Amino acid sequence: MVERQSPLEPAPLEPELRTGSHGDFEHGVDVILSETRPRSILQLAAWPGQEKELISGIRTVTGLALPDGAGAGSTDGVKSVFGFAPGKFTVVDEAEGLGSAFANVVTPAIGTVTDLSHGRTAIRIAGPKAEWVLAKFFAIDFALPAFPVGAGRSTMHHDVFAQIQRTGADQFDIYVFRSFARSFWKALCHASEEVGYEVQ
Amino acid sequence: MSPRRTDSGGLIDRLRTIRFTFDGAPYTGHAGDTLASALLANGVTLFGRSFKYHRPRGVLTSGVEEPNALVTVLRDEVREPNIAATMVEIYDGLTAVSQNRFPSLAWDVSAANQFGGRLLSAGFYYKTFMGPAIGPLKSTRFWMFCEHFIRRAAGLGRAGTAADTARYERMNAFCGVLVVGSGPAGLMAARAAADQGARVILSELEPRFGGSANWSGETIDGMPGADWAARAAGQLEGYDNVRLLPRTTVWGYYDGNVLAALERVTDHKERPGKGEPRHRYWVIRAKSVVLATGSFERPLVFPGNDRPGVMLAHAAERYTNEYGVLPGHRIALFTNNDSAYRSALALKKAGAAIVAIVDVRPELSSEMRELADEAEAKILSGHAVVATEGGKALSGIKVQRFDMANGALAGDARSIQADCLLMSGGWSPTIHLASQAGAKAEWNAARQAFLPPKPTQMWPTQQWIGAGAFTGSFSTAEAIAEGRAAGLSAAGGTGTPAALPVVEAAPGDPDPAPVFEIRADGKSFVDFQHDVTAEDVRLAHREGFISVEHLKRYTTLGMATDQGKSSNIPGLAIMAEALGKPIPEVGTTRFRPPFSAVSIGSLAAERFGDLRPERLTPMHDWHVANGATMYSAGLWHRPMIYGLSGETIEQAYVREARATRESAGIVDVSTLGKIAVQGPDAAEFLDRVYTNMFSTLAVGKARYGLMLREDGLAFDDGTTWRLGEQDFLMTTTTANAGKVMQHLEYFLDVIWPELKVHVTSVTDEWAGAAIGGPKARAILAACVTGTAVDNAALPFMGIVHGKISGVPVMICRLSFSGEMAFEVYSGAGYGTHVWEALIEAGKPFGLVTYGLEALGTMRIEKGHVTGAEIDGRTTARDLHLDWMLSKKKPFIGSAMMDREGLIAPGRLELVGLISLDNQPLNGGAHIVEALDEANPHDSIGHITACCYSPALGRYIALALVKDGKARRGTRAHISDPLRNRFGPVEIVSNQFFDPDGSRMHG
């Protein structure tokens, strides 16, 4: 089995990609950056009126129940799902093959399945200063009451489209286009310098 | 011991000594000092030179409104001019210099300007600009002659040229209640809102929370105000729902309760911490806002009011109580209101002698008389200061009897010795943010000030609540009560009646006498920063500039960093008097952002030096490791050439292109836009989007497609592959991927919402390698498993699925180079793996990697169009693509593409050019029928792309030429005067090489 190459694999000239502590870590590490490398990242989209069918299909396949409301989502640590636009959901699984699992569930009458497992890179930012660092990038309210665990948001940083899911009280998974991943990662590292960060 | 430092008192840390320099001279101060307080403590009175007249200036205030004591702070190679010394916190190694003086602050040759007062009066620039009516320097020539000298002499600090190495960041913040200002009102508001559970941000432009509590000398809740404020701020720090932002100036109030603030994070530090930004630009989105921004004390306008040693009364009180610095030993006061009496007492208690309190009011309250007695000060009621004496420091004042009813002076002037004169002309609420938010200020005759309007006047989108001196409630007790109420209200709470902190304060009537100016001989300054005198305001009136907006622009009153903080009301009052109108009828200018100076770096924030993100293909690291010279194509980084040692760019791409045509070449095409078009109506949608038919395309086949814009002009081209009955993979040009995506989404969302089609960008899902050349098929055959790649299995525009080196791939036979070529797509994570496998398989066949230059060369040889030709002005016909315009169906652009102008003769059409002098051609060069190097004219078109063609052995180009098709076989000339390139060319077909496509079809 050929291993997938990550866009964040250490390159000789990119010190930020190396594991270890960086920035002002002598005063403590307040942010941990990592790439979660899920094997499956899907986009599911329902035709108008078919949203509930699709949500039900998501539950059938993943076991995750989606709460009502825009941007609502859920995660069990292995699989995650969140709405990122009306009738559209990102579904993620650590394991490969989620696309085929949905192939028979999301019928053409319900909507479409688009495999983005290679096209999106999942970056996790965790730690007590995760909200602080993300506030530098996105005009989004990251406070827990406004952005509960499981929920997702679609947003932009500069020209980088990003989907963000809160997967813990101080943990966020950010999905960016693969081609932007290294640039975005470096920007995250840069922004995390003042709080001290660790690359895992 | 510093000459002016008090023995005790103040909030400075006397145990910590800080060393700094001003104009090269070493000084010491204490932690907690500002540059202004530390210099005053060292006996420095001269801080700068004024804008026009270069008059010596001291420090007038103690805060952000300081107009005089502007300095330049030097940090390494970077100089930052025009910083108020009152806002610079000293740190070890601070290096500050004075401004606008030559050769030195003490001896400034331009001080002679003050004797040319008439010449340099209001409107000086405008009058100079007009110039004399006759002579060699008439009209604007005179300005051009003068400009050099004027620019040297006038102005503020000099900007540096060294690149700013500091770091700046932007922060986005959300809160329930933003409290601006942390005086007693702000502290109470923040606490009340936080207790209601609201998320609160409390911003304070000073380093210390507490505002006037830090220096008023008042007692709150039985403790000194400063202690009460420190305790209140400390308690707020313990709240999870409160964010405290010291050193943060809220400078802009925008629609929807979006406020902009500047946090000075490291300006007070010797060195920033690792990764620490110098400034943070906060964008705060607040549900509601409490404006507790306090008020500014106003100067009085009288001759010599700008002499070093003349200071606002509260500023002296603050220097004494907060910084432990006495601004003078023999102090006189000049006032139109009660607040100065408290200042007098504070200075007396700190050890100064109060030589006189000159009050314009004839009658004084008994409380004020008691305060004056306590300060052992002589009261001169019904008097005014008519002059100041001294050179670069005050030595005395002259006072005269004054009738405030008519402004008349009477009796003889008498001198009083004093080394410091404190003035108070009343107080103006700091209504800047409310004004920015659209609130129309209301004149309050009692307070002699513009106050913010009542809440009913507010715009619904800008929900602020005022508290404290901002509303004209100048007492601390009122501020505390209003602050609490505002905080409760802002948080949506009602609250239960609670005991408020008890304030012990000196008595005082908040209403001043309506006196702004003492008219006597000599320059009386209204705007200290811009050297605008009372006479300048009257001159503006005489010359017809009577609207406040014209007054401001003509005299420069209230411009630059002052922004009317100290000069606004006195200027208006003088204009009102000249007009014979009450002040409210004259009106006031609308305050605009920013409230105070904002670093440009903070606005650029992290975009500075890192303007664009980089887009990298899956094989990027391979390219770099294998000698590719990369360049940017939009956001993408792509290989330009894979140069060998000693090769020029031309040699490299010629070698790459030649080798591809002779054996095989491979290029990274992962950057091509790729859009998944899925759904039952996908085929129908593509029929509408493309000019040609896609519903007839079989599954497993691809087709070249052209899109037009709605206006009928060409938009983009590319191939679309049918992967399933309802599943298409559209490719677009690299440059237009985003635009095409938006175009498709727009039509699906707005025009045809009934179509069941989803479009998704899958550009990044696939790594793409295009392999072309006579040996390309053999190379694929050597490495692809699971499918045949011969002509039967994989005909032109056919698609097969197989594996390369264990990785699933999708291969489509299509060609951009004109050779037998294939695009091999794999999951992006396998891109490098597949790429390396193809390279390995290609070794026996002489496979070369090629970059964008060779790609461009081969496409020029083939006459294919790209964004250079589909430039938003060309039609399908102009590009000879009219064969793609279906007549069987309508499509986007079909209704407009036959407009008269788009089919008229004389349009620029795509042609090929061959250089006849065997010299390179340049992109953008014009084409002319007849060469006229001295006077180039009559362009008939321009070059869009050019190269050396190894296939033809000539320099060739694609060009858009007027009626180009009809000119084929004729000669013309290149006219490129900018690059001095002129020469003959032959106009030919754009299809230079293999026009019948025999190589591609095999």
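**Exercise 1. How many residues of chain A are in contact with how many residues of chain B?**

Start with the ground rules. This is a predicted model, where local features need pLDDT of at least 70, side-chain atom pairs count only at pLDDT 80 or more, and totals for chains, interfaces and linings use all residues. Residues are numbered from 1 along each chain as its sequence is written, while chains are lettered from A and ligands numbered from 1 in the order in which they are written.

Step 1. Read off the count. 35 residues of chain A touch 40 residues of chain B.

Step 2. Find the elements. Helices (H or I, at least four residues) and strands (E, at least two) are DSSP runs, numbered from the N terminus. Strand E3 (40-46), strand E7 (111-115) and helix H4 (178-192) of chain A each give two or more residues to chain A's side. H4(A) gives the most, with six residues.

Step 3. Sort chain A's side by class. It has 16 nonpolar, 10 polar and nine charged residues. Here Ala, Val, Leu, Ile, Met, Phe, Trp, Tyr, Cys and Pro count as nonpolar, Asp, Glu, Lys and Arg as charged, and the others, Gly among them, as polar.

Step 4. Check the confidence. The predictor gives the complex an ipTM of 0.97 and a pTM of 0.93. Chain B has a mean pLDDT of 93, and 96% of its residues reach 70 or more; pLDDT is the predictor's confidence in each residue, from 0 to 100.

**Exercise 2. Describe how E3(A) and E7(A) pair.**

Step 1. Two strands pair if DSSP finds at least two bridges between them.

Step 2. E3(A) and E7(A) have five bridges, in the antiparallel sense. Ala45(A) stands opposite Thr112(A) of E7(A).

Step 3. Look at the surroundings. Four of the five residues of E7(A) are buried (20 or more other C-beta atoms within 10 Å of a residue's own, all placed from the backbone). E7(A) is therefore largely enclosed by the rest of the structure.

**Exercise 3. Divide chain A into domains.**

Step 1. Domain 1 covers 18-37 + 119-199, and domain 2 covers 40-115. These bounds come from an automatic or database domain assignment.

Step 2. Taken over C-alpha atoms, the two centres are 23 Å apart.

Step 3. At the boundary, 10 residues of domain 1 are in contact with 12 residues of domain 2. On the domain 1 side, strand E9 (152-157) and strand E10 (160-168) of chain A give two or more residues. That side has two nonpolar, six polar and two charged residues.

**Exercise 4. Trace the five-stranded sheet of chain B.**

Step 1. The sheet is open, with the order E17-E24-E18-E19-E20 and parallel pairing.

Step 2. Strand E17 (310-312) and strand E20 (379-381) of chain B are the edges, each pairing on one side only.

Step 3. Six bridges join strand E18 (330-335) to strand E19 (353-359) of chain B. Ala332(B) stands opposite Ala356(B) in E19(B).

Technical notes. Two residues are in contact if their C-beta atoms, placed from the backbone, lie within 7 Å. A residue is buried if 20 or more other C-beta atoms lie within 10 Å of its own, exposed if 12 or fewer, and partly exposed in between; C-beta atoms are placed from the backbone.
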